[in-house]
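Here are some questions and answers for a reader new to this structure. Each answer ends on what was asked for.

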Amino acid sequence: MAPLTRVRAGSSGIPGDLMVEYYRQRASVGMIITEGTYPDHASQGYVGEPGIATDEQAAGWQRVFEAVHAEGGRIVLQIMHAGRGTHPDINGGRRILAPSAIAIDNKTFTEKGEQPYPVPEAMTTAEIRAALEDFVAAARRAIEAGADGVEIHGANGYLLQEFLSPAANQRTDGYGGSPQNRARFVVEVVTAVAQAVGAERVGLRISPEVDLGDVFETDRDDVLATYGTLVDQLRPLGLAYLSMLHGDPGGDLVQELRRRFDGKLIVNSGPFGGQTTREQALQQIEADHADAVVVGRALIANPDLVERWQGGHPENEPRPELFYGPGAEGYTDYPFLEAA
Ligand SMILES: Cc1cc2nc3c(=O)[nH]c(=O)nc-3n(C[C@H](O)[C@H](O)[C@H](O)COP(=O)(O)O)c2cc1C
């Protein structure tokens with residue numbers, strides 16, 4: 001199951017009964033990757049997003065992990081630092097930090113309605129170090145609470161991809177400029193988290209060339225240089241997996257990065273067309289584009305998707321207008337097969 005932000009954690013960011021039930025319902029998928037979860041309050045990107053910044057939040061996640069384990073599933077917590085992809089009316093008025101003082105040219109949903117993204121502050125090296133330590137502390141909390149692993153969110157235009165992107169990162173110190181320098185923070189975060197909890201429990205998600213959050217990675221040579229040096233430096237760690245969001249998983253870029261990473265690859269090509277289908281996922285695996293495919297929207301709508309795909313049964317249609325709503329509607333009320 002792909003990471004899917006559903007914003008049902010309320011203002012406390014503590015997973016409650018509703019989230020326990022949602023993840024429990026989907027345990028038969030095998031391995032769940034949770035929604036993006038903030039490692040520290042300042043890094044919260046959405047109203048209602050869960051956190052792993054405090055022991056109370058970790059205790060809420062522990063109930064989710066136990067529920068999934070009781071059903072025989074595995075669960076990996078995605079740690080997401082929103083970087084400049086937030087607003088003071090989302091992160092409780094805390095400072096907004098990013099590689100450079102460049103705003104996303106778009107709007108976001110806050111507690112006071114839609115507002116433009118603010119101009120972030122460029123991080124000092126001490127703040128870069130502190131953000132790394134927040135990732136490490138969050139990963140430790142997740143593993144201690146019973147997660148099978150953690151996924152570092154390096155995709156979709158949030159903090160880590162902001163460092164990788166020449167549009168969002170215009171630093172002139174060791175964290176900006178060359179591809180090597182732009183990859184430095186991601187390498188440091190993943191390495192530190194792997195040292196803290198064990199590389200076999202750590203995955204990384206990246207989305208080269210996905211233009212979400214104004215990262216504008218359109219220069220293929222630069223993308224290959226930046227993500228190439230990233231995976232070259234990650235290879236010796238022996239991570240659990242690399243997860244790549246890309247419209248062409250069988251194409252040159254993904255396959256070159258896969259070869260250089262030399263570990264397990266997960267792909268997902270959904271946002272470039274319709275949602276992932278059974279046929280598409282099967283084709284990607286049979287063509288050996290990856291070791292696994294993560295599935296998003298089909299699993300939002302079908303808690304028993306594995307049974308449906310195995311048996312060729314019809315599927316429930318997702319209700320996108322309820323993806324980010326509060327409450328059980330469009331969340332835990334999608335019918336199972338026997339009730340459909
Ligand atoms: C409602 C929704 C929330 C999402 N939240 C996240 C997230 O928290 N972290 C992430 O890495 N990707 C997120 N994504 C991207 C999905 O993981 C996935 O890549 C995308 O939905 C395409 O796959 P699909 O066609 O199978 O749905 C989200 C997508 C949707 C539709």
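Q: How many Å separate the backbone nitrogen of G36 from a polar atom of the side chain of Q78?
A: The model is a predicted one. G36 is among the residues that Q78 touches, beyond those up to four places away in sequence. Between the backbone nitrogen of G36 and a polar side-chain atom of Q78, the distance is 3.3 Å.

Q: Does Q78 count as buried or exposed?
A: Q78 belongs to strand β2, which covers residues 74–79. A residue is called buried when its relative accessible area is under 20%. Because the relative accessibility of Q78 is 2%, Q78 counts as buried.

Q: Which atom of the ligand lies 2.8 Å from a polar side-chain atom of Q78?
A: The ligand sits in the largest pocket. The side chain of Q78 has a polar atom 2.8 Å from the ligand, and the ligand atom in question is a nitrogen.

Q: What percentage of the ligand's exposed area does the protein bury?
A: R205 has a polar side-chain atom 2.8 Å from a ligand oxygen, and in the side chain of T5 an N or O atom is 2.6 Å from an oxygen of the ligand. Taken alone, the ligand exposes 610 Å², and the share of this buried by the protein is 91%.

Q: How far apart in space are P116 and T86, C-alpha to C-alpha?
A: P116 is in strand β5, residues 113–116. Leaving aside residues up to four places away in sequence, P116 touches H87, N106 and K107. P116 and T86 are 30 residues apart in sequence, and their C-alpha distance is 9.6 Å.

Definitions and conventions
Residues are numbered from 1 along each chain as its sequence is written. This is a predicted model: local features need pLDDT of at least 70, side-chain atom pairs count only at pLDDT 80 or more; totals for chains, interfaces and linings use all residues. Side-chain values use heavy atoms; hydrogens and water are left out. Helices (H or I, at least four residues) and strands (E, at least two) are DSSP runs, numbered from the N terminus. Contact means heavy atoms within 4.5 Å. Buried means under 20% relative accessible area, exposed over 50%, partly exposed in between (1.4 Å probe, protein chains only). A polar contact is a pair of N or O atoms within 3.5 Å; within protein, one must be able to donate a hydrogen and the other to accept it, and residues adjacent in sequence count only if both atoms are side-chain atoms. Accessible areas come from the Shrake-Rupley method with a 1.4 Å probe; for residues, only the protein chains shown count as cover. On a 1 Å grid over the protein atoms alone, a cavity is a set of points where a 1.4 Å probe fits but cannot get out, and a pocket is an open set with protein on both sides within 12 Å along at least five of seven lines; lining residues have an atom within 4 Å of a point. A molecule sits in a cavity or pocket if more than half of its atoms lie within 2 Å of its grid points.
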